[in-house]
Amino acid sequence: MRVARERRVARERAGDGKRTRSSAQSSARWRARVEASERPNVDADASAAIIEATSTHPVSQTTSYSFARSGFSAECERALNAQINVEYNVSYIYHAMWAFFERDNVALKGFADHFKAEALEERSHAEQLMEYVNLRGGRVELQQLLPPQTEYDHPEKGCALYALELSLSLEKLNNDKLCELHRVAEDAGDAHMCDFLEGAMMDPQVQSVREVAEMVATLLRMGPPGDGMAAWHFDQYLQNKA
Ligand SMILES: [Fe+2]
């Protein structure tokens with residue numbers, strides 16, 4: 001009995017020894033992991049980059065401020081919002097023209113459809129600009145629209161030529177405004193905004209000026225200003241083109 005008890009005690013002691021060694025090894029491994037996690041795992045250059053990035057671009061802790069905004073000046077933001085208003089105003093005028101040419105006593109469906117398409121195109125330009133303001137972390141601020149005129153008839157020119165000439169003036173004005181906007185971006189040193197305007201906005205605008213100029217020239221070639229027959233034929237051309 002005594003021998004058996006002594007053997008059991010010896011086995012238990014041996015087991016304690018194993019557990020003690022195992023526990024010591026585990027805690028050493030844990031300490032090593034903690035020390036490793038505390039050691040910077042980046043080289044000196046990357047550390048300098050992190051310090052520079054976090055000091056020049058600290059991240060705001062409030063969602064009322066854009067997280068993405070970077071190098072986007074208040075002046076550029078204001079100018080973009082002003083251009084959004086220009087595009088909406090031009091769209092509004094084209095929409096009024098559509099309503100005029102759609103009247104039963106005007107009945108020039110080709111012109112009506114043309115101006116409706118133009119109204120939607122100008123609104124899409126406003127949306128492009130709105131998306132861009134949001135992309136840069138700015139805030140879109142829509143402004144007041146001016147009510148457009150409702151009558152587009154002209155005693156000498158007739159409604160068709162008068163509306164097309166008005167359209168040409170509007171497209172040229174829009175082009176002037178885009179050039180001004182580009183100057184604001186240049187003055188601010190905003191290369192991305194310049195690239196956006198050049199790539200997405202300015203060429204379509206110049207193309208629009210050219211298209212409307214050709215329409216005015218063609219209508220004038222079809223008959224003297226105010227020629228109702230020329231306007232009717234041009235309307236047929238616009239309907240067939242659509
Ligand atoms: Fe436009």
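How much space lies in the second largest pocket? About 170 Å³ of space lies there. A pocket is an open set of points on a 1 Å grid over the protein atoms alone, where a 1.4 Å probe fits, with protein on both sides within 12 Å along at least five of seven lines; lining residues have an atom within 4 Å of a point. A volume is the space filled by probe spheres set on the points, which are joined across faces, edges and corners.

The model is predicted: local features need pLDDT of at least 70 and side-chain atom pairs pLDDT 80 or more, while totals for chains, interfaces and linings use all residues. Residues are numbered from 1 along each chain as its sequence is written, and side-chain values use heavy atoms, without hydrogens and water.

Select His57, Pro58, Val59, Ser60, Tyr65, Ser66, Phe67, Arg69 and Ser70 to display the lining of the second largest pocket.

Next, select His114, Glu211, Met215, Leu238 and Lys241, which lie nearest the centre of the largest pocket. This pocket has a volume of about 310 Å³, and 18 residues line it. Colour α4 (109–135), α6 (191–222) and α7 (228–241); each supplies at least two residues of that lining. Helices are DSSP runs (H or I, at least four residues), numbered from the N terminus.

Finally, select Leu219. Leaving aside neighbours within four places in sequence, Leu219 is in contact (heavy atoms within 4.5 Å) with Ala160, Leu161, Leu164, Ala230, Ala231 and Phe234.
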